[in-house]
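This briefing covers a few selected sites and the packing around them. Please have the sequence and the model to hand while reading.

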Amino acid sequence: MDIDQDGEIVGRENDTAGQIILPSEAMPGIIHVIPQEHRPFFPGQAIPLIMSAEVWLPTLEAVRKRGQDVIGLIATKRALEGVPAAADLYDMGCLCKVHRVHREGDQLQVLLEGLQRFQVRKWVSGEIPLTASVRYFPEARQSQTEQETAYAVAIINTIKELIPLNPLFGEELKGFLARSNPNEAAVLADFAASLTTASKEDLQEVLKRIALQPRMELVVKLLHREVEIATAQMEIREHVEKEIQGHQREAILRQQLKYIQQELGISKDDKTAEADEFKARIEKLELPEKVAARIDEELTKLQMLEVGSAEYGVTRNYLDWLTCLPWGVYSEDATDLAAATRTLNKHHEGLEDIKERIIEFLALGIMKGDAAGSIICFVGPPGVGKTSLGRSIAESLGREFYRFSVGGMRDEAEIKGHRRTYIGAMPGKLIQALKDTGVANPVVMLDEIDKIGASYQGDPASALLEVLDPEQNGSFHDHYLDVDFDLSKVLFICTANQLDTIPGPLLDRMEVIRLGGYLDNEKLSIAKKHLLPRQLKRAGLQKGDVKIDTPALRKVIEGYSREAGVRRLEKAIATLVRKAVVKLLGDHKAPISISKDDVEGYLGKPVYQKEALQKGVGVVTGLAWTALGGATLPIEATCVHQRSAGLKLTGQLGNVMQESANIAYSYITANAAELGLPAEWFDKAAIHLHVPAGATPKDGPSAGVTMAAALTSLAREKAPRAGFAMTGELTLTGLVYPVGGIREKLIAAKRQKIKHVILPGANAGDVEEVPEHIKRGIQIYYADKFADVLELLF
């Protein structure tokens with residue numbers, strides 16, 4: 001090799017330069033080697049290689065210094081990082097003639113021509129410049145066998161199949177025909193192998209096969225695989241092009257159709273069509289003057305905006321909301337009180353006082369021609385029918401009903417909407433309710449209002465003050481609409497489990513109706529008329545397929561669902577029905593009858609055991625209110641020893657209840673003589689006061705008289721009269737103050753078959769509001785002072 005004037009290394013021409021395969025005697029036995037990372041190189045190929053000048057220029061210089069113009073090219077066994085060593089290379093490679101070397105910066109461009117196969121006998125140098133002693137495998141010059149000719153024809157035919165599938169194959173074939181003789185089977189086989197996209201390992205296998213026929217057999221397989229790949233690619237390309245052309249054709253035809261329709265005056269563009277739709281909506285509404293002016297202003301703006309602009313989308317959505325709302329659209333209220341009564345009785349069992357109160361409310365609305373103007377709040381334990389009562393009121397009035405829960409709501413935008421400057425802004429839930437119902441006077445239920453939250457995003461409870469105030473909601477201002485909407489015709493119904501967590505100003509705007517728990521007889525009737533038929537319907541059963549008799553239902557009520565509502569009762573009935581369905585799908589035939597004795601087999605052991613009221617010295621039964629309804633609360637007092645005075649409290653008592661216990665202890669100790677108790681007894685007695693059950697937190701002042709009575713019984717060493725329960729707050733002067741939850745406490749007493757109940761005298765008015773069927777069978781006594789309690793109890 002010589003270096004030309006441009007800095008290129010040019011191979012010297014000799015008497016063998018015009019030949020494709022040189023005689024092995026002219027080839028050097030020791031050659032320098034360059035690795036090829038991507039794929040093997042075949043004899044008859046001519047390719048340019050780009051390599052690092054820093055790494056491989058010394059190897060090319062070593063070739064030039066030895067007076068050679070050939071170099072070995074061997075494929076690497078795997079992708080390498082850095083400079084490969086001899087162990088990283090295959091042992092079979094291709095001897096190449098170096099035609100030209102050109103350096104550009106840190107890159108070398110080397111033009112090589114493949115001459116013949118060689119195999120490494122041993123490595124002379126395993127480091128750069130890599131040097132190896134090699135053995136050559138020149139192609140035998142002899143006539144082809146019939147098998148080799150057949151394979152050659154197969155190769156040529158397969159290449160012909162590839163050319164229409166991929167135009168690049170045609171260009172490669174032209175280059176091959178220009179520099180090689182296609183009648184030589186060995187050259188054809190090597191060219192065909194280099195044409196494929198086979199893996200490095202498959203191509204290296206072709207290079208290793210010295211015998212011609214096995215080599216051509218392998219090449220045919222690779223070509224057939226290439227045809228399959230190219231055919232699949234062609235099908236995918238044709239499918240994609242067909243779909244794209246179809247979409248383009250459809251878009252062009254639609255555009256042409258739209259233009260033709262516009263020219264004929266039978267169609268309008270999107271902007272005009274939307275504006276006309278908004279105007280058509282407005283004609284059906286009774287818009288306030290300010291709202292009409294705002295819509296006209298926005299329509300004018302819409303005509304000036306481009307359809308694709310962001311402002312166009314914002315304006316269009318705003319107009320869509322403004323024109324979808326029921327401005328001036330009201331449903332007509334039903335005026336048949338008898339029908340309203342039938343509706344309430346159809347959906348609800350018991351609750352006679354609540355139904356009567358609802359009928360009074362509806363009657364007042366019918367009389368004045370508008371049932372709105374006040375906000376009802378149903379308060380009661382879970383599962384007593386608060387939400388379903390709201391639905392019944394809507395059905396009785398003939399109004400649309402919309403319910404959403406405000407429990408856990410922390411963002412005031414849920415009530416008053418987002419300002420339109422925000423991305424994805426929407427009106428609040430109330431405006432959405434009006435759009436969904438299509439009238440401006442629906443019944444809207446705000447469920448779980450006692451669980452509403454607050455956060456840095458605002459206070460939804462404060463936002464509700466405007467909504468639930470009849471003096472203010474006539475001009476409710478939603479942030480998104482930015483115009484006033486009259487909510488004064490909307491009937492709002494709220495539900496809550498307790499009133500303690502509802503803010504005072506919000507509670508002040510509501511008319512509270514309390515729902516107590518159901519008695520066992522009421523639950524039995526509900527189960528028969530409502531719960532069991534509903535579960536049979538959900539299970540796809542007929543009325544007579546599953547029969548649960550009355551004693552079985554009573555056992556389910558008493559042993560598995562003692563809560564104030566009926567949700568657990570419905571779950572228990574659902575379990576019975578599910579297990580019955582499994583039997584029906586087995587060998588059992590309908591009907592399936594479930595008796596009292598069968599209940600435990602379906603539901604397991606009862607959750608609640610029959611409780612006997614505790615009796616004895618120092619044991620008095622109190623009455624408590626919980627969020628789940630009323631409950632009995634036995635209070636136990638015992639004297640631990642007589643060595644030193646003291647009072648110990650247990651039972652997870654809250655601060656207020658601990659104060660009540662200390663007040664009771666102080667009052668009894670200070671007034672022992674007046675109460676007929678041994679005064680010196682309290683000077684030495686260590687008293688332990690316990691309120692079962694210990695795992696349940698308890699709080700409140702209503703157990704004061706009960707604790708004092710337990711201490712009195714302990715000091716007198718005399719058990720109180722049987723069948724008594726009591727509630728009331730005790731003061732240090734011995735007065736009995738009123739407490740809440742009287743209805744629930746009387747229901748708890750009736751459930752436990754308690755015949756005598758002592759209540760504060762100031763609660764007499766609350767007792768009058770309790771339905772007669774709850775008070776029936778209970779003797780109620782009133783006490784203004786603790787002395788009155790002792791007189792009744794002992």
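Lys523 lies in helix α17 (residues 520-538); helices are DSSP runs of H or I with at least four residues, numbered from the N terminus. The model is predicted, so local features need pLDDT of at least 70 and side-chain atom pairs count only at pLDDT 80 or more, while totals for chains, interfaces and linings use all residues. Residues are numbered from 1 along each chain as its sequence is written, and side-chain values use heavy atoms, with hydrogens and water left out.

**Lys523**
- Is Lys523 buried or exposed? Lys523 is buried, at a relative accessible area of 0%; buried means under 20%, exposed over 50% and partly exposed in between, using a 1.4 Å probe and protein chains only.
- A polar atom of the Lys523 side chain lies 2.8 Å from the backbone oxygen of Ser561.
- Leaving aside residues up to four places away in sequence, Lys523 touches Tyr518, Ile557, Ser561, Arg562, Glu563, Ala564, Gly565, Val566 and Leu569, where contact means heavy atoms within 4.5 Å.

**Nonpolar cores**
- The largest nonpolar core has 54 residues, of which Ile449 and Leu468 touch the most other members. Such a core is a set of buried Ala, Val, Leu, Ile, Met, Phe, Trp, Tyr and Cys residues joined through side-chain atoms within 4.5 Å.
- Helix α9 (residues 310-324) gives the most to this core, with five residues.
- Another core, of 47 residues, lies apart from it and includes Tyr518, Ile526, Leu531 and Ile594.
- Ile449 has among its contacts Val406, Leu464, Leu468 and Cys494, not counting residues up to four places away in sequence.

**Cysteines**
- A disulfide is a covalent bond between the sulfur atoms of two cysteines. Here a disulfide is counted when a pair of cysteine sulfur atoms is within 2.5 Å, and the count by this rule is zero.
- The closest cysteine sulfur to that of Cys96 belongs to Cys94, 4.2 Å away, which is too far for a bond. Cys96 is buried, with 0% relative accessibility.
- Cys494 is in no disulfide either, the nearest cysteine sulfur being that of Cys377 at 5.4 Å. Cys494 is buried at 0% relative accessibility.

- Ser388, in helix α12 (residues 386-397), is partly exposed, with a relative accessible area of 31%.
- Ser388 and His347 are 41 residues apart in sequence, and their C-alpha atoms are 7.8 Å apart.
- In helix α14 (residues 429-437), the buried residues are Leu430, Ile431, Gln432, Ala433, Leu434 and Thr437.

Terms used
Helices (H or I, at least four residues) and strands (E, at least two) are DSSP runs, numbered from the N terminus. A polar contact is a pair of N or O atoms within 3.5 Å; within protein, one must be able to donate a hydrogen and the other to accept it, and residues adjacent in sequence count only if both atoms are side-chain atoms.
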